[in-house]
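Hello,

Here is the structure for your files. Notes on what was found in it follow below.

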Amino acid sequence: MDAFLLSRLQFALNISFHILFPTITIALGWFLFYFKLRSNLSGHPVWMRIYRFWVRVFALTFALGVVSGVTMSFQFGTNWPGFMEKAGNVAGPLLGYEVLTAFFLEATFLGIMLFGIRRVPNWLHTLATFVVAAGTTLSAFWILSLNSWMHTPQGYEVIDGVIYAKDWSAIIFNPSFPYRFAHMLLASGLTASFLIAGLSAYRIFKGDNKIAPKLALKTATYTAAVLIPLQILAGDMHGLNTLEHQPQKIAAMEGVWHTEQGAPLLLFAIPDAENKTNHFEIAIPNMASLILTHDANGEIKGLNEFEGEHPPVAPVFYSFRVMVGMGMLMLFAAWCGAYWLFRKDALPDWLTKVFIGMSFSGWVATLAGWYVTEVGRQPYLVSGVLTTQDAVTGLPPANIAMSFSLYAALYVVLLIAYIRTLTLMCRKSVGIEEISAEERAQAKQPLSPIQAN
């Protein structure tokens, strides 16, 4: 394999591993803030017990996100020097803002969250939790702003082949940013919700009959039940924005090879790039046009309109269906879970196992969506301005292959260790006393049925 393909594979590996952890921490920080507020308002120590369990999960996840993020950023200089040479005037400041305004903020107050619970006033600890949650969201803001600009660049000028910032407000708030930012925040909310619900269901399945996992399960399930319809709406709006600015990506997502009116929605097909057609199609007539143009006979441009400038079809086509399929499964699980918890105050055994199995379902949907987004931008690194081929390194392929192999081995070990640690934390919590005598004495009031729901 040549340096170009190896560099792409290595960056794909790094970003795929890295994105798993911010996808959890962005929303988990807000869950922690909610748990802390409930503890402050109710005075019942069970909420602090929930907080203490999940703040440890947050710290572990945050650490892995930081490490993998640093590794990923190195590749801008090693594997993709052309990107920073030509687009560094835009990318550099946005990455710098993310570090200065978000990462330092999170890292500073995370110490208070973890170690200051008995050492600082309660109001300060609550404030620290809020600041960390806000910091994770602010971090996502800057990263998504840069990534969205790479898809829909605005506010720049090119002088002697180098991109210069001309209007920072247009750069930051580029046309696709609001949709992609909202889509990512909701994706994080669903990822964290299913992780909390899944691990809480696992604790209950292992015989943990304490209040804490039941409350955490209810909180996460109800949150997921509310967020998933919002995510579907945000996804639809994002799709309309993509149709306007990146029609070639939509064509690849829908498997539309030739411009047509009344395009069908392909539930399944096998794209054939060589013959520019699909095999074994299972389709709903006119539905793609209806969804994308709100007109059953609306026109969707085909890949034939973008010869040489459209992404590889199969990865985008299949990833999009994995994302949508997982979203439908999340909708089913969240609404079924909300029904059983509201009506019966507990999940049936089969649904408990479903939630356990879907603990990391948010990762699957996020990765699939990310592949649709990033592969769908090809062959450009900055759409219409800088191609991926023009930014790649001149390093020998053997060097890249060696680092790629080392990264892959390390990430496999870290991912197994992460999931194993979460499992052990859940098992250990089963035998831990829920509320100590000291905490029980400090409780302002018992947990009422209303508070429990």
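Helix 7 (211–245) gives the largest share of the lining of the second largest pocket, 8 residues. Helices (H or I, at least four residues) are DSSP runs numbered from the N terminus. A pocket is an open set of points on a 1 Å grid over the protein atoms alone, where a 1.4 Å probe fits, with protein on both sides within 12 Å along at least five of seven lines; lining residues have an atom within 4 Å of a point.

This is a predicted model, in which local features need pLDDT of at least 70 and side-chain atom pairs count only at pLDDT 80 or more, while totals for chains, interfaces and linings use all residues. Residues are numbered from 1 along each chain as its sequence is written, and side-chain values use heavy atoms, without hydrogens and water.

The second largest pocket has a volume of about 1,000 Å³ (the space filled by probe spheres set on the points, which are joined across faces, edges and corners). Of its 39 lining residues, His183, Gly235, Phe320, Met323 and Val324 are the closest to its centre.

The largest pocket has a volume of about 1,400 Å³. Its lining has 48 residues, and the closest to the centre are Phe11, Ile15, His18, Met72 and Ile143. Helix 1 supplies the largest share of this lining, 11 residues.

Phe83 is in contact (heavy atoms within 4.5 Å) with residues including Phe76, Met150 and Leu386, leaving aside its neighbours within four places in sequence.

Regards

Definitions and conventions: Helix = DSSP H or I, 4+ residues; strand = E, 2+ residues; numbered from the N terminus.
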